[in-house]
Amino acid sequence: MLLLTCPVCGVEGEESEFHCGGEAHIRRPATHDPENITDTEQRDYLFMRHNPRGLHFERWRCDRGCGKWFHAARDTATMEFKAYYAIDALPPKDLMQQATGEWATFFSGVLNASAKKAAKKSAAKKPAAKKSAAKAPRKGA
Ligand SMILES: [Zn+2]
């Protein structure tokens, strides 16, 4: 039996009190680029899903509580939920870094982009010096 906690309303319950919506972070080509959908993209959207042993990212709905959808990171080997996060958010950075296989590939673009952004920010801040010096460590965390 899986035990979940809704990150929206905080209700805790067994998996039967929630509804699993399958894999998280699926890009729907018809939403993002309806003019240029290829058959391969549409096939992948409809049928291709990750099935890892280990860290996996899923969508769940809080049936008995608020009725909202949310994301959960779960280890499929231990059945342990690692994190719950908003439906419009990405998983915590440490979990994206722990992801393996197809999930690692999926999150690598996000992690690389955020690393570049952080590097740009710190490079831009160096000349500003004194006033922002106290805040700099917090923003990096
Ligand atoms: Zn809820």
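Predicted model: local features only at pLDDT ≥ 70, side-chain atom pairs only at ≥ 80, totals over all residues.

Reader: How high is the average pLDDT?

Author: The chain averages 87. A score of at least 70 is reached by 88% of the residues.

Reader: Where is the pLDDT below 50?

Author: Over residues 128-141. Beyond near neighbours in sequence, that stretch has 3 contacts in the model.

Reader: OK. How many helices and strands?

Author: The chain has 5 helices and 6 strands. From the N terminus on, the order is β-β-β-α-α-β-β-β-α-α-α.

Reader: What order do the strands take in the open sheet?

Author: β3-β4-β5-β6, so named across an open sheet of 4 strands with antiparallel pairing.

Reader: Which strands stand at the edges?

Author: β3 and β6. Each has a single partner strand, so one side of each lacks a neighbour in the sheet. On average, neighbouring strands are turned by 30° against each other, direction ignored.

Reader: Zoom in on β5 and β6. How many bridges join them?

Author: 5 bridges. β5 covers residues 69-75, β6 covers residues 81-86, and the two run antiparallel.

Reader: Which residues stand opposite Ala 72 and Ala 73?

Author: Ala 72 stands opposite Tyr 84 in β6. Ala 73 stands opposite Ala 83, also in β6.

Reader: And the turn of that hairpin? How many residues sit between the strands?

Author: There are 5 residues between the strands. Met 79 lies in that loop between β5 and β6. Met 79 has a positive phi of about 65°, although it is not a glycine.

Reader: Is Met 79 buried or exposed?

Author: Exposed. Met 79 has 11 other C-beta atoms within 10 Å, and the cut-off for exposed is 12 or fewer.

Reader: Switching to the core. Which residues touch the most other members of the largest nonpolar core?

Author: Leu 4, Trp 60, Phe 70, Ala 72, Ala 99 and Trp 103, out of 15 residues in that core. The elements that give two or more residues are β4 (55-62), β5 and α4 (101-125). β4 gives the most, with 4 residues.

Reader: What does Trp 103 touch, not counting residues up to four places away?

Author: His 50, Pro 52, Leu 55 and Phe 57.

Reader: Last one. Among contacts between residues at least 6 apart in sequence, what share joins residues at least 24 apart?

Author: 47% in this chain.

Methods:
Residues numbered from 1 in each chain as written. Pairing = 2+ DSSP bridges. Core = buried A, V, L, I, M, F, W, Y, C linked by C-beta atoms within 7 Å. Buried ≥ 20, exposed ≤ 12 C-beta atoms within 10 Å, placed from the backbone. Contact = placed C-beta atoms within 7 Å. Axes fitted to C-alpha atoms, helices over the stretch in contact; angles between N-to-C directions. pLDDT = per-residue confidence, 0-100.
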